[in-house]
Amino acid sequence: SLANDCDFHMKIEGDQQSIKTFLSLLHVSDTELNNGSVIEIGENFYRTYEAWIYFSDKTTLWIEGYCAWSVQTCLIDEHFDTNINLVTVSQDLNLQITIKSREIGLCFSEHYLIKNGEIIVDQCEAYDYFYFYDEEGEFIEEEREIEFEALLNID
């Protein structure tokens with residue numbers, strides 16, 4: 001059966017030192033991130049198949065990827081066999097982390113805001129698959145596709 005993959009976008013904000021430390025937790029060197037390169041960091045997170053990281057500036061990182069089930073399961077819940085939990089990392093490094101997700105099997109979209117180890121926003125909304133897609137699995141119209149993509153938009 002098809003795994004319920006969950007797409008996510010993430011924005012991580014902090015001071016320069018915090019961002020540097022976060023990158024070193026992910027085994028990403030400064031030089032790797034120069035010149036707008038994009039680095040694969042998925043293996044650092046629980047059941048995360050792909051995650052790509054890039055800078056917008058020295059104090060903001062953007063991460064896009066997909067994981068099993070949900071952001072809650074893979075990035076928020078604690079797991080004994082992985083060393084990166086976003087809540088703990090946010091607390092230790094004084095980071096603000098915004099995450100939006102979209103899961104297509106069970107049709108939900110998550111929104112998290114984690115600030116200094118505190119979960120400020122924790123929302124999970126269901127959406128209607130057939131509002132976006134027809135019986136063939138094609139988008140009903142271009143506007144719906146744009147709206148569907150917007151579920152992952154972070155300001």
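Let me start with what covers the buried residues of helix 1: the covering elements include strand 1 (5-13), helix 2 (30-33), strand 3 (48-57), strand 4 (60-68) and helix 4 (86-93). Please keep in mind that this is a predicted model.

Which residues of helix 1 are buried? Helix 1 spans residues 16-25, and its buried residues are Ser18, Ile19, Phe22 and Leu23. Viewed down the helix axis, these buried residues fall within an arc of 135 degrees, so they line one face of the helix. The general rule behind such a pattern is that an α-helix has 3.6 residues a turn, so residues three or four places apart point the same way.

Consider now the two ends of this helix. At its start, a side-chain oxygen of Asp15 comes to within 3.2 Å of the backbone nitrogen of Gln17. Just after helix 1, His27 adopts a positive phi of about 60 degrees.

Leu26 belongs to the loop between helix 1 and helix 2. Is Leu26 buried or exposed? Its relative accessibility is 3%, and because buried means under 20%, Leu26 counts as buried. Which residues does Leu26 touch, if we leave aside its neighbours within four places in sequence? They are Ile41, Asn44, Phe45, Ile53 and Ile84. I would also point out Glu43: Leu26 and Glu43 are 17 residues apart in sequence, and their C-alpha atoms are 9.0 Å apart in space.

Let us turn to strand 6 and strand 7. Strand 6 covers residues 108-115 and strand 7 covers residues 118-126; the two pair in the antiparallel sense over eight bridges.

Finally, the cysteines. How many disulfides does the structure hold? The number is zero. For Cys107, the closest cysteine sulfur is that of Cys124, and the separation of 11 Å is too far for a bond. The cut-off in this reasoning is that a disulfide requires two cysteine sulfur atoms within 2.5 Å. Cys124 is likewise in no disulfide, and the cysteine sulfur nearest to that of Cys124 belongs to Cys6, 8.7 Å away.

Notes:
Residues are numbered from 1 along each chain as its sequence is written. This is a predicted model: local features need pLDDT of at least 70, side-chain atom pairs count only at pLDDT 80 or more; totals for chains, interfaces and linings use all residues. Side-chain values use heavy atoms; hydrogens and water are left out. Buried means under 20% relative accessible area, exposed over 50%, partly exposed in between (1.4 Å probe, protein chains only). Helices (H or I, at least four residues) and strands (E, at least two) are DSSP runs, numbered from the N terminus. The arc is that of the directions from the helix axis to the C-beta atoms. Contact means heavy atoms within 4.5 Å. A polar contact is a pair of N or O atoms within 3.5 Å; within protein, one must be able to donate a hydrogen and the other to accept it, and residues adjacent in sequence count only if both atoms are side-chain atoms. Two strands pair if DSSP finds at least two bridges between them.
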